[in-house]
Amino acid sequence: MTFDPTLAAVRFGTGLSPRFTRPVGVESILTDLSGPDEIREAIAIAGFNDAKPSHATVTWMDRAAKAALETPDEAQAMQAREVVRDQVRVVRRQHHLATIGRALDAPLGLRERLVAFWADHFTVVRRPFQTAHLVTSFVEDAIRPHVTGSFAAMLRGVVTHPMMLIYLQQTRSTGPDSPVGQQRNLGLNENLARELLELHLLGVDGQYSQADVRELAELLTGLSYTDRRGFFYDPNRAEPGGETVVGLPFGADATLDNVLEAMDILAILPGTAEHLAWKMAVHFVSDDPDDDLVAAMAEGFGADGDLMGMTAAMLRHPAAWTPQRDKVRTPQQFITAGLRALGVTGNAVMAIDQKLYQQMLTRPLSLMGQPWETPIGPDGWPEDAESWIIPQGMAGRISWAMQLPRRIVTDLPDPREFVDHALGSLAGEDVRFAAAAAENRAEGVGVVLASAAFQRR
Amino acid sequence: MDRRSFLLQTAALGCSAAASPLLTPVAFADAPGDNRLVVIILRGGMDGIDALRPLGDPAFAALRPGLHTGDHIDLDGFWGLHPGLEALLPLWQAGEVGAVQATSTPYRGKRSHFDGQDILEAGILRTGGDPSGWLNRLLTTLPGAQAETAYAIGREQMAILSGPASVSRWSPDADLRLSGQAQRLLELVYHDDPLFRDAASQAIEIAALVKEQDLVAEDDPATMSMMEAVQSSGVHVNLAEFAAARLRGETRIASFSLGGWDTHQNQKYSLTRSLRRLSDTILTLRAQLGPVWDKTAVLCLTEFGRTAFENGTQGTDHGTGGAMLYAGGAMRGGMVGGAWPGLDEAALFERRDVLPTSDVRALVGWVIRGMFGTAASDIESVVFPDLDLGDDPGLLL
């Protein structure tokens with residue numbers, strides 16, 4: 001099991017493309033990944049503080065509309081709110097298309113895949129209107145800068161980001177013995193603490209208990225956000241005294257520094273390293289990954305939580321290059337890879353109108369079971385092939401493959417050539433035959449994209 | 001392979017598809033019995049003691065100062081129905097809706113949604129190992145079960161129906177139209193990959209079947225008038241309508257899930273919304289099932305209950321003991337069953353959660369036994385291995 005350029009593009013990139021040559025080897029992939037994040041400069045996505053309309057604007061308009069109910073100003077306030085909500089919808093679409101645009105224009109797309117993986121690891125789900133355009137901004141702020149850097153830095157970014165604090169309801173969790181807690185008889189909300197231990201750090205099989213969840217919840221009190229002030233640490237809500245989480249004592253003073261230092265330590269626990277290595281191997285390589293691969297990746301993560309080291313260890317390990325393709329593309333990955341195989345450019349996809357966006361992305365992704373940025377809970381999207389390849393999901397995939405390419409590409413390729421663009425050496429005799437035997441180009445292209453060979457990675 | 005041999009080969013495939021259990025009409029004649037079971041998974045952990053408030057428990061009011069707001073409907077002096085379930089009151093009074101309190105799966109400890117749901121759907125206290133769901137294992141005990149016998153509905157996989165027995169999976173909004181040639185070519189490119197082959201062939205078959213059945217469906221006046229009680233619209237109503245349409249035919253078991261139960265914050269509003277959706281889901285099933293409702297049991301299961309005390313953000317955190325709501329003309333409703341452990345601090349599980357006094361799998365097991373005549377030994381060894389069924393809780397009429 002050794003490096004294979006086609007497998008590299010399919011398993012670790014965003015898919016084959018006639019626009020780009022395939023990578024020549026693992027070390028050149030790693031060199032590129034260590035270099036500057038050029039595509040981020042080329043295709044912009046606004047961070048939380050720069051996004052317009054801002055979270056403050058949206059919430060303010062919401063409040064104003066509610067306050068104006070049954071007053072003479074109601075109609076005007078409702079209209080103003082609707083204008084802002086329309087802007088949110090537009091920016092949400094732009095952010096989605098920019099995310100796809102980056103995946104189309106990146107020569108390999110490994111960084112885009114890493115960003116998507118870590119964004120899923122730290123899943124944040126929007127509120128219907130108020131933050132519908134800001135999940136992408138969270139990823140841009142807290143995830144993307146760190147995918148080749150330190151996990152502790154990513155974790156710091158996540159636990160201080162308004163979107164995570166809002167989603168897992170940390171903003172109002174209050175130490176019962178803090179000044180605010182005493183005055184107003186308020187208490188903890190365990191949500192963020194639990195998901196940190198269960199999903200983000202040790203994993204549900206890790207060595208922690210309900211008591212650790214409680215202690216961590218106390219430790220996290222004080223992490224706050226309001227739309228006026230942005231992120232801040234509120235000592236008046238912070239539970240006084242030291243906390244002990246998984247046997248480790250953390251600073252007795254309730255300060256932001258102590259919270260962040262605790263994150264630094266939890267980020268590099270051996271249990272965290274093992275859980276992250278396993279999860280990343282599951283995502284990229286196999287639902288049942290090779291033990292030695294996982295161990296090598298945990299070692300690459302090392303004592304300082306080096307995500308570049310973990311990625312490099314994965315790519316350098318022979319088990320990562322198994323020709324057996326257990327994984328299937330998620331709906332978002334499938335559509336992106338389909339557009340890439342068709343040679344669609346980032347600019348072209350970012351120029352599509354609202355109607356085509358609905359037809360090409362919003363509705364098909366829902367039918368395939370992956371509405372954009374809207375998983376059910378903080379555990380993100382399922383990994384196993386069996387969760388995705390179910391009849392209703394296949395109906396969505398086949399329909400997209402058969403109907404959408406001709407709406408995006410004016411001159412569909414000859415299906416016999418398209419097999420090479422889409423699959424290269426991964427195309428079996430069956431797919432080549434089917435592409436050639438189709439009655440028309442649309443069905444020929446469709447049957448290639450719908451094939452199991454294309455859906456697997 | 002040339003075109004001629006391909007066409008010959010796919011012609012042969014076509015014959016075998018016609019003999020598949022899903023489409024063969026004679027298979028329908030032997031559908032297992034006449035009773036229907038609907039299992040609704042409430043994902044997120046429904047707060048059992050807010051849905052049905054133990055007003056008569058002396059500790060209740062103090063534990064929940066912000067949630068116990070007095071807007072309940074008093075059922076019997078001890079239990080109060082959450083206002084979000086008000087639309088079900090007529091069914092409660094008619095004995096068609098009821099609940100069991102202080103019940104749970106055997107899952108304890110970390111209070112993870114995802115492990116909790118896995119165990120609820122697997123029906124076994126374990127993670128890893130046998131990946132099948134208990135509804136699927138039930139099918140393996142039913143003589144004459146076909147793929148059409150059980151439907152997993154919605155966009156999710158529904159692990160509760162995964163396993164060795166064939167089942168049908170579909171979403172009300174799914175559709176698939178293909179030319180004959182495209183269909184044959186797809187059969188070819190999926191032929192060597194069983195996962196894709198099975199999912200795609202079922203998609204093709206069900207899309208055709210659903211279209212055909214919908215063409216013959218007619219709205220009768222009783223259904224129309226019962227649907228007037230349904231106040232909301234959306235995915236939950238579509239799921240219930242689709243389930244009812246299948247259950248009016250050859251389907252005997254249907255399962256789908258509803259979200260919105262993880263009420264850590266502002267539970268007063270969020271739970272009301274979710275309970276209203278659940279009420280409308282049940283009302284839709286009742287309206288659309290027509291006379292079949294009398295032979296139907298609807299069980300609403302959730303991965304765990306929530307903390308006995310209100311948390312710091314006007315909600316509740318993950319707990320243990322919860323409630324099973326149920327409905328259906330085959331059920332004995334109008335009552336809150338289960339041994340009530342009380343909410344005194346010493347009575348709570350780990351001093352925070354409602355103490356479970358029953359295994360929800362035993363409640364389900366007795367319903368299955370009554371509905372499908374499944375032998376107790378099969379329930380205790382196949383459907384829920386290692387379960388002790390215990391005494392009949394008497395949930396069926």
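Helix α24 (residues 429-437) of chain A packs against helix α7 (residues 180-190) of chain B at an angle of about 170°, and the two axes are 9 Å apart. An angle over 145° counts as roughly antiparallel, and α24(A) and α7(B) are therefore roughly antiparallel to each other. The model is predicted.

On the α24(A) side, the contact involves A:D430, A:V431, A:F433, A:A434 and A:A437. These meet B:Q181, B:L185, B:L188 and B:V189 in α7(B). Sorted by class, the contact of α24(A) with α7(B) has seven nonpolar residues, one polar residue and one charged residue.

## Packing within chain A

Helix α4 (residues 55-67) and helix α5 (residues 74-105), both of chain A, have axes that come within 8 Å and cross at roughly 155°. That crossing angle makes α4(A) roughly antiparallel to α5(A). The crossing in which α4(A) passes α5(A) is left-handed.

From α4(A), the residues in contact are A:T57, A:V58, A:M61, A:D62, A:A64 and A:A65. Their partners in α5(A) are A:A77, A:M78, A:A80, A:R81, A:V84, A:R85 and A:V88. By class, the contact of α4(A) with α5(A) has nine nonpolar residues, one polar residue and three charged residues.

## Helix α10 of chain B

How far apart are the end C-alpha atoms of helix α10 (residues 235-248) of chain B? They are 20 Å apart, which agrees with the 20 Å that its 14 residues should span at 1.5 Å a residue.

Ten of the 14 residues of α10(B) are buried, so this helix is largely enclosed by the rest of the structure. The buried residues are B:H236, B:V237, B:L239, B:A240, B:F242, B:A243, B:A244, B:A245, B:R246 and B:L247. The cut-off for buried is under 20% relative accessible area.

B:D388 lies in the segment after α13 (376-383) of chain B. Is B:D388 buried or exposed? Its relative accessibility is 60%, so B:D388 counts as exposed, the cut-off being over 50%.

Leaving aside residues up to four places away in sequence, B:D388 touches B:A362 and B:E380. B:G365 is 23 residues from B:D388 along the chain, and the C-alpha atoms of these two residues are separated by 9.7 Å.

How values were computed
Residues numbered from 1 in each chain as written. Chains lettered and ligands numbered in written order. Predicted model: local features only at pLDDT ≥ 70, side-chain atom pairs only at ≥ 80, totals over all residues. Heavy atoms only, no water. Axes fitted to C-alpha atoms, helices over the stretch in contact; angles between N-to-C directions. Helix = DSSP H or I, 4+ residues; strand = E, 2+ residues; numbered from the N terminus. Parallel < 35°, antiparallel > 145°, perpendicular 65-115°, else oblique. Left-handed = near helix turned anticlockwise from the far one by under 90°. Contact = heavy atoms within 4.5 Å. Nonpolar A, V, L, I, M, F, W, Y, C, P; charged D, E, K, R; others polar. Expected span 1.5 Å × (residues − 1). Buried < 20%, exposed > 50% of the residue type's maximum accessible area, 1.4 Å probe, protein only.
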